[in-house]
Amino acid sequence: MFGRHHHHRGRWDGHGGEHHGRHPFGGMHGHHHGPRGRGGRMGRFFDHGDLRFVVLKLIAEKPSHGYELIKAIETAAGGAYSPSPGVVYPTLTLLEELGYVVASDAGGGKKLYTITPEGEAFLASNEQPVRSLFERMAEAASASAAFSPQILRARENLKTALRLKLHGGQLSAEQIAAIAKALDDAAAAIETI
């Protein structure tokens, strides 16, 4: 009984709240994987709080919209991980509340996020963990390149488009030539990557 309580020192974490207040970037020393917490698949790729470092670093390199950040993370991880909007947008809101980024209205309901001097200082003071995270994403990218969900999805897209076109009725000689050229161009582009 006595020892039991002792081993549950992290119980308050599960009830939310605390780690959002004083230690919003507490993930570097605490692994809050929780029972399928808010991040969903994030627990397998990033520890709690790590995504904020990644998002901030990407914004430092290039002011971005939320959607662009999702794509940039997916690209950096080679498709091995793709964060959902439900994870990225709350992270952006928190970074804004902390004063590490500012959001400007880019029209069409989009916000453009830019890093602040405070955000730059925060990144500089966490240079090592940030570098480690990007190295981890690069490793995942090279390991998963052959089975990248991005590539598999794009390949299925191509097959579907081709099937629909070929079974959709009589094609003219011009259409056949255009389809063949598009496929040849894609093959040539892939070879030069």
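Helices (H or I, at least four residues) and strands (E, at least two) are DSSP runs, numbered from the N terminus.

## The model and its chain

This is a predicted model, where local features need pLDDT of at least 70, side-chain atom pairs count only at pLDDT 80 or more, and totals for chains, interfaces and linings use all residues. Residues are numbered from 1 along each chain as its sequence is written, and side-chain values use heavy atoms, with hydrogens and water left out.

The chain has 10 helices and two strands. Along the sequence, their pattern is α-α-α-α-α-α-β-β-α-α-α-α. The chain holds 193 residues, and 30% of them count as buried. Buried means under 20% relative accessible area, exposed means over 50%, and partly exposed lies in between (1.4 Å probe, protein chains only).

A contact means heavy atoms within 4.5 Å. Take the contacts in the chain with a separation of 6 or more: residues 24 or more positions apart account for 55% of them.

## Helix 6

Helix 6 covers residues 85-97. At 1.5 Å a residue, its 13 residues should span 18 Å, and its end C-alpha atoms are 18 Å apart, which agrees. The expected span is 1.5 Å times one less than the number of residues.

Val87, Val88, Thr91, Leu92, Leu94 and Leu95 are buried in helix 6. Seen down the axis, these buried residues fall within an arc of 165°, so they line one face of the helix. The arc is that of the directions from the helix axis to the C-beta atoms. An α-helix has 3.6 residues a turn, so residues three or four places apart point the same way. Exposed Gly86 and Glu97 sit on the face turned away from the buried side of helix 6. Just after helix 6 comes glycine 99, with a positive phi of about 85°.

## The nonpolar core

A nonpolar core is a set of buried Ala, Val, Leu, Ile, Met, Phe, Trp, Tyr and Cys residues joined through side-chain atoms within 4.5 Å. The largest one has 26 residues, of which Val55, Leu56, Ile59 and Ile73 touch the most other members. Two or more residues of this core come from each of helix 4 (50-61), helix 5 (66-76), helix 6, strand 2, helix 7 and helix 8 (127-144). Helix 4 gives the largest share, seven residues.

Look at leucine 56. Not counting residues up to four places away in sequence, leucine 56 touches Leu95, Tyr100, Val101, Ile115, Gly119, Phe122 and Leu123.

The whole structure has two aromatic pairs. Rings of Phe, Tyr and Trp (its six-membered ring) pair if their centres lie within 6.5 Å; planes under 30 degrees apart count as stacked, over 60 as edge-to-face and the rest as tilted. Phenylalanine 53 and phenylalanine 122 are stacked, at 5.6 Å centre to centre and 15° between the planes. Phenylalanine 53 is in helix 4 and phenylalanine 122 in helix 7, 69 residues apart.

Tyrosine 100 and phenylalanine 122 have ring centres 4.7 Å apart and planes at 20°, so this pair is stacked. Tyrosine 100 lies in the loop between helix 6 and strand 1 (101-105), so the pair ties together parts that are 22 residues apart in sequence. Tyrosine 100 counts as buried at 16% relative accessibility. Phenylalanine 122 is buried too, at 14%. Ring pairs link Phe53, Tyr100 and Phe122 into a cluster.

Threonine 116 is in the loop between strand 2 (111-115) and helix 7 (117-125). Threonine 116 is buried, with a relative accessible area of 10%. Glutamate 74, in helix 5, is buried with a relative accessible area of 10%.
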